[in-house]
Amino acid sequence: MPEEQRVIIMRGIPGSGKTTYWKELYPDAVCCSANDYFTDADGKYRYDRRQLKESHRYCQKVFMQAIEDGELLIVVDNTNIKCWELEGYVRKAEENCYLVTVYRMIVDDWREAASRNIHDVPAEAVERMHAGMEDYPDEIMSTL
């Protein structure tokens, strides 16, 4: 019996543990992340806010290539604060017969997450994201 194709979509503010969580549970997954756009060949993260849209286009392109390649397990590792940010991934995955699971990382104290985030996202931005996080139907909530 063939393995089921799956897409895992991570949601949560910076520093909430999204990447740690999926890497522990799904180490063999193909990862699609806007953060990868800002990581150079030496593994150094060089964020440039002016390239944010391009980074998300890059993530979508990697995702679509993984779908076209028929990868068994794909993880989308972005903040996905607003529902519209993940709906395109869900739609494309379902159109291609992938089972979709959405994980939301819960953080009681956004300040703690802000202090843990490795991408130097300003605390005020983390606070805004925390306050603006929308609920998504049938998401699985988890904490680290």
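1. Please keep in mind as you read on that the model is predicted.

2. A word on the overall fold. The protein chain holds five helices and five strands, and their order along the sequence is β-α-β-α-β-α-β-α-α-β. The radius of gyration is 15 Å, close to the 15 Å that the globule rule gives for 144 residues, so the chain is as compact as a globular protein of that length. Along the principal axes, the C-alpha atoms fill a box of roughly 45 × 35 × 25 Å. Of the 144 residues, 40% count as buried. If we take the contacts with a separation of 6 or more, 77% of them join residues 24 or more positions apart.

3. The largest pocket has a volume of about 1,300 Å³. It is lined by 43 residues, and those closest to its centre are Pro-14, His-56, Asn-78, Thr-79 and Met-129. Which of the elements gives the most to the lining of the largest pocket? That is H2, with eight residues. In terms of residue class, the lining of the largest pocket is made of 17 nonpolar, 16 polar and ten charged residues.

4. The second largest pocket holds about 180 Å³ of space. There are 13 residues in its lining, with Thr-19, Asn-35, Asp-36, Thr-39 and His-119 the closest to the centre. H1 supplies the largest share of this lining, three residues. Sorted by class, the lining of the second largest pocket has four nonpolar, six polar and three charged residues.

5. Back to Asp-36, which was placed in point 1 and is among the residues closest to the centre of the second largest pocket. Is Asp-36 buried, exposed or partly exposed? Its relative accessibility is 35%, so it counts as partly exposed, given that this class lies between the 20% and 50% limits. If neighbours within four places in sequence are left aside, the contacts of Asp-36 are Cys-31 and Tyr-58. Ser-55 is 19 residues away from Asp-36 in sequence, with a C-alpha to C-alpha separation of 7.9 Å.

6. The largest nonpolar core has 18 residues, of which Val-7, Ile-9, Phe-63 and Ile-74 touch the most other members. Strand S1 (6–11), H2, strand S3 (73–77) and H3 each give two or more residues to this core. Apart from this core lies another, of ten residues, including Met-10, Trp-22, Tyr-26 and Met-105.

7. Beyond its neighbours within four places in sequence, Ile-67 is in contact with Val-7, Ile-74, Ala-93, Asn-96 and Tyr-98. Lys-23 lies elsewhere: its C-alpha atom is 20 Å from that of Ile-67, and the two residues are 44 apart along the chain.

8. Finally, some backbone angles to check. Most residues other than glycine have a negative phi. Cys-97 is not a glycine, yet has a positive phi of about 65 degrees. This cysteine is found in the loop between H3 and strand S4 (99–105), and is exposed, with a relative accessible area of 65%. Asp-138, also a residue other than glycine, has a positive phi near 65 degrees. Where is Asp-138? Its place is in the loop between H5 and strand S5 (140–142). Asp-138 has a relative accessible area of 78%, so it is exposed, the limit being over 50%.

Methods: Residues are numbered from 1 along each chain as its sequence is written. This is a predicted model: local features need pLDDT of at least 70, side-chain atom pairs count only at pLDDT 80 or more; totals for chains, interfaces and linings use all residues. Side-chain values use heavy atoms; hydrogens and water are left out. On a 1 Å grid over the protein atoms alone, a cavity is a set of points where a 1.4 Å probe fits but cannot get out, and a pocket is an open set with protein on both sides within 12 Å along at least five of seven lines; lining residues have an atom within 4 Å of a point. Grid points are joined across faces, edges and corners, and a volume is the space filled by probe spheres set on the points. Helices (H or I, at least four residues) and strands (E, at least two) are DSSP runs, numbered from the N terminus. Ala, Val, Leu, Ile, Met, Phe, Trp, Tyr, Cys and Pro count as nonpolar, Asp, Glu, Lys and Arg as charged, and the others, Gly among them, as polar. A nonpolar core is a set of buried Ala, Val, Leu, Ile, Met, Phe, Trp, Tyr and Cys residues joined through side-chain atoms within 4.5 Å. Buried means under 20% relative accessible area, exposed over 50%, partly exposed in between (1.4 Å probe, protein chains only). The radius of gyration is taken over C-alpha atoms; the globule rule is 2.2 Å times the number of residues to the power 0.38. Contact means heavy atoms within 4.5 Å.
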